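Good morning, colleagues. Please take a moment with the sequence and the model before I go through a few local features.

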Amino acid sequence: MNDTPRGKPELSVGQIWNMCFGFLGIQFGFALQNANVSRIFQTLGAEIDDLPILWLAGPVTGLLVQPVIGYFSDRTWGPLGRRRPYFLWGALLASAALVAMPNSPTLWVAAGLLWILDASINVSMEPSRALVGDMLPERQRALGYSMQSLFIGLGAVIASALPWVFTNWFGLSNTAPDGDIPASVEWSFYFGAAAFLGAVLWSVLRTREYPPEQLHAYEAAEAAAAAARGTVPTVDIPDDRPTRSVEQYRSGGLWCLLAGAVFCAAIAALGWRKELYVLAGGLVAFGLLQMHIGRRQAAGRTEGMLHAIVNDLFGMPRVMRQLAVVQMLTWFALFAMWIYSTSAVARHQFGATDPDSPAFQEGANWVGILFAVYNVFAVVWALVLPSLARRIGRRGAHLVSLCCGGLGLASFALIHDPQWLLLSMVGVGIAWASIVSLPYAMLVGSLPARKLGLYVGIFNFFIVIPQILAASLLGLMVDRVFGDDPIWALVLGGGLMVAAGVATLRVDD
């Protein structure tokens, strides 16, 4: 990796493989969580309309952790480089949480461990995204993120199927006394902990990062080459762009406080709904943060992490703002699927609502297989995506993928034989491969290398905010609008995914 006036050199497929391999382990953590946490919560006594609020751990920790980790990883350099120390520490903490999760004695312990697990996964994941932008030239970024998508799919296939594998291949029990976690789920989490740590260690030990001065030299060379060609540089953020005015911050804060008051009034009209209290509290907290930053600016104090995060959030590039709409719709749909797939499939395809019944546990294992299947198709589609993106553009490829996913998710309501749900998951897998790759490929070219980690962390706001909204509103919707039938949450998710595909056409790629 020698310096060159042409910018970053291309890396070999083997080098990209090593750099992205850690995502195999990261996805073990996510897949085990997505396929089994609702099952664990219900086994420990959670009611169906309490599931969304219990799942708040993921989006809230992502909202808090990812921009902070991005901010610090932009400023880190040590024996392990810039991003890799965060891979390693996140993997160590996440593996410990995976071991502890199935041994939770009570619901509140399981909920607390979910917070720890999600925070740790986010510590590993955000720098992994930024590393692709650090190391690869623009022409290879779609390949890099597709390689990550490949490992995400492989990890999720294996991890999602683990309870079924331990039950059917190794004879571990799929049921347990009331309030206990089945042995098949316990050993799935133990295996996942080892896989998480092992895969991340491979990437940490087999990847070398550009030092900061070389990275900045590459960015300057790429900008000079773009200017020589007479093209507009993709990075649309000047080095010293002005901060937002104090009045704008204060106005934003007042609007957030007003929104919080409106939600509190809605809560008063609807009665006690803890989800809406959480949402209103978050809006008020955000408004207070804006006002705090405004006061600091008025006093001439523009340094520090909080100021950088909030200022760059409101001054983000145009492409990032356009992609934010796509991400908001997409991840609301995904969160609905992760929360309600187990209860919906157990009820509609297996005729079970009691979490302790054998039929419910059989349905929960089948959801693990369905999640594995959609990730199999995600692996296959990840191999197709770079070619498709070259033919019809990244926007067109993302539109096609999301529409397939939306139709697959909505079809759950029309299917009664659980075997036919495998067909539905083909569409979901196509969407998932694109969701975890193409938005980042479209985004990274519009960001400066010196703030890549911070901006990728901020971009993840538009993954976690819709999940917070889903956790706050879906329980209420299932209870008040959908008649306690979770299948309609999946139908809603399918419609939103199609809408996200249409919104992709507005992105200036």
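This is a predicted model: local features need pLDDT of at least 70, side-chain atom pairs count only at pLDDT 80 or more; totals for chains, interfaces and linings use all residues.

Is valine 384 buried, partly exposed or exposed? Valine 384 is partly exposed, because its relative accessible area is 34%, which falls between the 20% limit for buried and the 50% limit for exposed.

Valine 384 is located in helix H14. Together with Val376, Phe377, Val380 and Leu383, Val384 makes up a nonpolar patch on the surface, and the accessible area of these residues together is about 410 Å².

Let me turn to the aromatic residues. Searching the whole structure gives 14 aromatic pairs. One of them joins tryptophan 164 to tryptophan 169 in an edge-to-face arrangement, with 6.2 Å from centre to centre and 70° between the planes. Tryptophan 164 counts as partly exposed, because its relative accessibility is 31%. Tryptophan 169, with a relative accessible area of 62%, is exposed.

The next pair is that of tryptophan 338 and tryptophan 432. Why is this pair classed as edge-to-face? The ring planes stand at 80°, with the centres 5.9 Å apart, and an angle over 60 degrees counts as edge-to-face. Tryptophan 338 is buried, at 5% relative accessibility. Tryptophan 432 is likewise buried, with a relative accessible area of 5%. Both residues also belong to one aromatic cluster, formed by Trp331, Trp338, Phe371, Tyr374 and Trp432.

I come now to charge. Where does the surface carry a patch of negative charge? Such a patch is formed by Asp178, Asp180, Asp354 and Asp356. Aspartate 354 sits in the loop between H13 and helix H14, the latter covering residues 358-410. With a relative accessible area of 41%, aspartate 354 is partly exposed.

Thank you; I would be glad to take questions.

Notes
Residues are numbered from 1 along each chain as its sequence is written. Side-chain values use heavy atoms; hydrogens and water are left out. Rings of Phe, Tyr and Trp (its six-membered ring) pair if their centres lie within 6.5 Å; planes under 30 degrees apart count as stacked, over 60 as edge-to-face and the rest as tilted. Buried means under 20% relative accessible area, exposed over 50%, partly exposed in between (1.4 Å probe, protein chains only). Patches are made of residues with over 30% relative accessible area and no salt bridge: like charges are joined within 9 Å, nonpolar side chains (Val, Leu, Ile, Met, Phe, Trp, Tyr) within 5 Å. Accessible areas come from the Shrake-Rupley method with a 1.4 Å probe; for residues, only the protein chains shown count as cover. A salt bridge is a side-chain nitrogen of Lys or Arg within 4 Å of a carboxyl oxygen of Asp or Glu. Lys and Arg count as positive and Asp and Glu as negative; His and the chain ends are not counted. The place of a charge is taken as NZ of Lys, CZ of Arg, CG of Asp or CD of Glu. Helices (H or I, at least four residues) and strands (E, at least two) are DSSP runs, numbered from the N terminus.
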